[in-house]
Amino acid sequence: MTRDQGVEKPGMVPPQPAEETQTSLLPPGWQSYLSPQGRRYYVNTTTNETTWERPNGSPRTPSSPGPQRNFQPTAVNGYHSSGTPVHQSEPVHMSLRKPTGDFQNPGSPSPGKKQSKESTITINCVTFPHPDTMPEQQLLKPTEWSYCDYFWADKKDPQGNGTVAGFEILLQKQLKGKQMQKEMSEFIRERIKIEEEYAKNLAKLSQNSLAAQEEGSLGEAWAQVKKSLADEAEVHLKFSSKLHSEVEKPLMNFRENFKKDMKKCDHHIADLRKQLASRYASVEKARKALTERQKDLEMKTQQLEIKLSNKTEEDIKKARRKSTQAGDDLMRCVDLYNQAQSKWFEEMVTTTLELERLEVERVEMIRQHLCQYTQLRHETDMFNQSTVEPVDQLLRKVDPAKDRELWVKEHKTGDIRPVDMEI
């Protein structure tokens, strides 16, 4: 599905003309956006902090302060998880992206999955703007394919008949990345074993006595060949040692507690989603109770039209009070639901931005260490080349005539040639 399609991805509301001017006056690292209701909010692209209030240090103050809510995650082992937003006295409906803060009105006659055909639709206890009537929403990060914009809805589970939450998909991406990082470390470990075995074999071969009796300048060159093997073995041992300390070990130890942190994060978001489901169930229960009270009131009103009596009038007053109370209960439940959805929304924005940052950090870390691997590999090649340079120099000095001269002088038996025998 493209960036502009369907219920799962409502599109963008074009920013107001003042958007770029507002952004240009913000402190470094801050961006401003508009909610579908026209309220401006601010996102720090460095810390992932999100707030309704214009950041301190900016030249201007917000034109519509309104209630404010600042939320920023708590750092745990390098991961921001379970940050609790600071709520003001007035509840705020932060329907900035896909979920909407406006639940069904208390008098709506259609409980169930679709809450209001005019403006909203509720899927798996999350209320979204209806694609046929709601204006398109502005993406939180319009210029990027950001996690915080595309994982609000649930997705059908390919392994079964259920659904998988969008956040769960992001979480699996993070855990898969950790597994890939671990497998890369294991791969480098296998490479190290090859280097160590190779160095061991080179060192062993350098001690071989084959052709050790070669003489002269060629013998010297041959001895240097065997010595170069010992030197090369040492180079590969150093290479394997650096691979371990500078590539394998950092890959293996990067974010040692990552899975535990992700589990905490998963539980936190899941708890918020369960709370949202509980609030939704309360709304449906209150809606059903209101419907029953309204039916009871209507029935008693009809009875009054048929037979006028003091008892019937008293019953109508009592039924009207109960109906009013049921309406108040529904409004209270809807308000609690909207607050729960707002909190879930805020935590989703903060946490998905943090997951996005962690993924960028992971990829960059691996890239840097693989670059270190290639650098070490180039250095090894250079050192290997230096081990054979003395061999090249001696080979250029090999002189068969000189070797013959030296050998003859050492092993000659006499320089008097034989002559013919005389009679």
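Okay, some ground rules. Since the model is predicted, local features need pLDDT of at least 70 and side-chain atom pairs count only at pLDDT 80 or more, while totals for chains, interfaces and linings use all residues. Residues are numbered from 1 along each chain as its sequence is written, and side-chain values use heavy atoms, with hydrogens and water left out.

Let's start with helix H2, residues 166-206, and helix H3, residues 216-253. Their axes come within 8 Å and cross at roughly 165 degrees. Axes here are lines fitted to C-alpha atoms, for helices over the stretch in contact, and angles run from 0 to 180 degrees between N-to-C directions. That crossing angle makes H2 roughly antiparallel to H3; under 35 degrees counts as roughly parallel, over 145 as roughly antiparallel, 65 to 115 as roughly perpendicular, and the rest as oblique.

Now look at strand E2, residues 40-44. How many of its residues are buried? Five of its five, where buried means under 20% relative accessible area, exposed over 50%, and partly exposed in between, using a 1.4 Å probe and protein chains only. In a regular strand the side chains alternate between the two faces of the sheet. In E2, Arg40, Tyr42 and Asn44 sit on one side and Tyr41 and Val43 on the other, and both faces are covered. E2 runs antiparallel to strand E3, residues 50-51, and two bridges join them; strands pair if DSSP finds at least two bridges between them. Tyr42 stands opposite Thr51 in E3.

On to the inside. A nonpolar core is a set of buried Ala, Val, Leu, Ile, Met, Phe, Trp, Tyr and Cys residues joined through side-chain atoms within 4.5 Å. The largest one has 39 residues, and Trp152, Phe167, Trp344 and Leu355 have the most contacts inside it. E2, strand E8 (126-129), H2, helix H4 (258-306) and helix H5 (310-397) each give two or more residues to this core. Which element gives the most? That's H5, with 13 residues. Apart from this core lies another, of 11 residues, among them Phe239 and Met365.

Last, two loop residues. Cys125, between strand E7 (120-123) and E8, has a phi near 75 degrees, positive without being a glycine. Arg255 also isn't a glycine, and its phi is about 55 degrees. Find Arg255 in the loop between H3 and H4; it is buried, at 16% relative accessible area.

Technical notes
Helix = DSSP H or I, 4+ residues; strand = E, 2+ residues; numbered from the N terminus.
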